[in-house]
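Good morning, and thank you for coming. I would ask you to look at the sequence and the structure first, and then we shall go through them together.

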Amino acid sequence: MPIKPLLAVLKGHRPAVPPIWLMRQAGRYLPEYRALRAEKGGFLALATDPDCAAEVTVQPIRRFGFDGAILFSDILMVPWALGQDLSFGVGEGPRLEPPLVDHLFSALEAVPERLEPVYGTVAKVAGLLPPQTTFLGFAGSPWTVATYMVAGKGSKDQGETRRFAYRDPQAFGAIVDAIADMTVEYLARQIENGVEAVQLFDSWAGSLSPAQFERWVIAPNARIVAGLTARCPGVPIIGFPKGAGGKLPAYARETGVHALGLDETVDPEWAAAHVPEGMPVQGNLDPLALITGGETLDAAIDRILSAFADRPHIFNLGHGILPDTPIAHVERLIARVRNPA
Ligand code: CP3
């Protein structure tokens, strides 16, 4: 069988038409997702039921024929397995209890069995995908995951966690190391059950000063890449340090990731010139350009395609697809990437 297009790009090939998938493609902008979620009663019930989670993973492939299917799960499954309670209230975002800003991490008791249903989902999906579709696993990067564990919820500027990291780098480092170690195990088990490449989401990498970025973004991601590559050699790892800006080249060189995810604030021309030569890039359409649609969308797509014409490129958004995105705009995007003007 010929190598799958998305996997081929991750290995450094450059097909005439770039493969495409969208971050957060399995989720709330899809009516079929919302129907299943309502039936199950909540996100965690969906994510821990392998039949349902496999169905949600495959929904966007069935509807749009994306080149990549991303496992339906969440980056907060790791804090749950590290012993915090996890809940997703309607309209208020995730909660982790107790928040580590005022509870000792060492007092938590890890429950790694909580990740078992995810491996069941992976095994099911692997048998459901069309032969040309690449199956992607993922985890959050330690810094981003730690921001939720410390605050107990999402936060505007990650201020509490940044203060914690300055105040007590040793205690914070112990949390980051524990997340990194569990993440290696979690991703290795995803790979052993059938995912073909993985992505590390560092959604809040942009909130750190350069020295803190080295310590809490680059170092733990390098540790994960080294650990995972030792256990699962040859499996590509995509790093996505959202908001890293001018720190992207250092991140790309020093972490050892095989491909680089770019957010929508990165100028594709700048990235084409500054990301290490030959490294595959992924991105970076503004999710709001996708919502806007029409000629604005077409122009934004064309700009990205032209900037990355000479390098391995996976078309994607610069961040997750938003719930109010019109389905017709996703269809227009795919058509234009596959049949450029
Ligand atoms: O990409 C996919 O479609 C696969 C599944 C996936 C989810 N979350 C499902 C989900 C992935 C890859 C994630 C990653 C994730 N989760 C990140 C990193 C990427 C990013 O968007 O920055 C982060 C920071 C989280 C944490 C998280 N999970 C938040 C802040 C929220 C609430 C707000 C939101 O984005 O919906 C979640 C809940 C969540 N995770 C939902 C889904 C489909 C919505 C749950 C629902 O149905 O209400």
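This is a predicted model: local features need pLDDT of at least 70, side-chain atom pairs count only at pLDDT 80 or more; totals for chains, interfaces and linings use all residues.

Let me begin with the ligand: one of its oxygen atoms lies 2.5 Å from an N or O atom in the side chain of S203, a polar contact being a pair of N or O atoms within 3.5 Å. Taken alone, the ligand exposes 860 Å², and the protein buries 88% of that; these areas come from the Shrake-Rupley method with a 1.4 Å probe.

Residues are numbered from 1 along each chain as its sequence is written, and side-chain values use heavy atoms, with hydrogens and water left out.

A polar side-chain atom of H319 is 2.7 Å from an oxygen atom of the ligand, and a polar backbone atom of Q25 is 3.2 Å from a ligand oxygen.

Which residues come nearest to the ligand? They are R28, Y33, R37, D74 and S203, out of 20 residues around it, where a residue counts if one of its heavy atoms lies within 4 Å. This shell comprises twelve nonpolar, four polar and four charged residues; Asp, Glu, Lys and Arg count as charged, and Gly is among the polar ones.

I turn now to the strands, which are DSSP runs of E with at least two residues, while helices are runs of H or I with at least four. Strand β2 (residues 85-89) runs antiparallel to strand β3 (residues 93-97), and five bridges join them; strands pair if DSSP finds at least two bridges between them. Among these bridges, S87 is partnered with R95 and G89 with G93. The two strands form a hairpin with three residues between them, and in the turn G91 has a positive phi of about 70°.

Finally, some backbone details. The peptide bond from E97 to P98 is cis, with omega near -10°, and P98 is placed in the loop between β3 and α6 (116-126). Another cis bond joins G283 and N284, with omega about -15°; N284 lies in strand β8 (residues 281-285). R24, although not a glycine, has a positive phi of about 65°, and R24 is found in the loop between α1 (5-10) and α2 (31-40).

Technical notes. A polar contact is a pair of N or O atoms within 3.5 Å; within protein, one must be able to donate a hydrogen and the other to accept it, and residues adjacent in sequence count only if both atoms are side-chain atoms.
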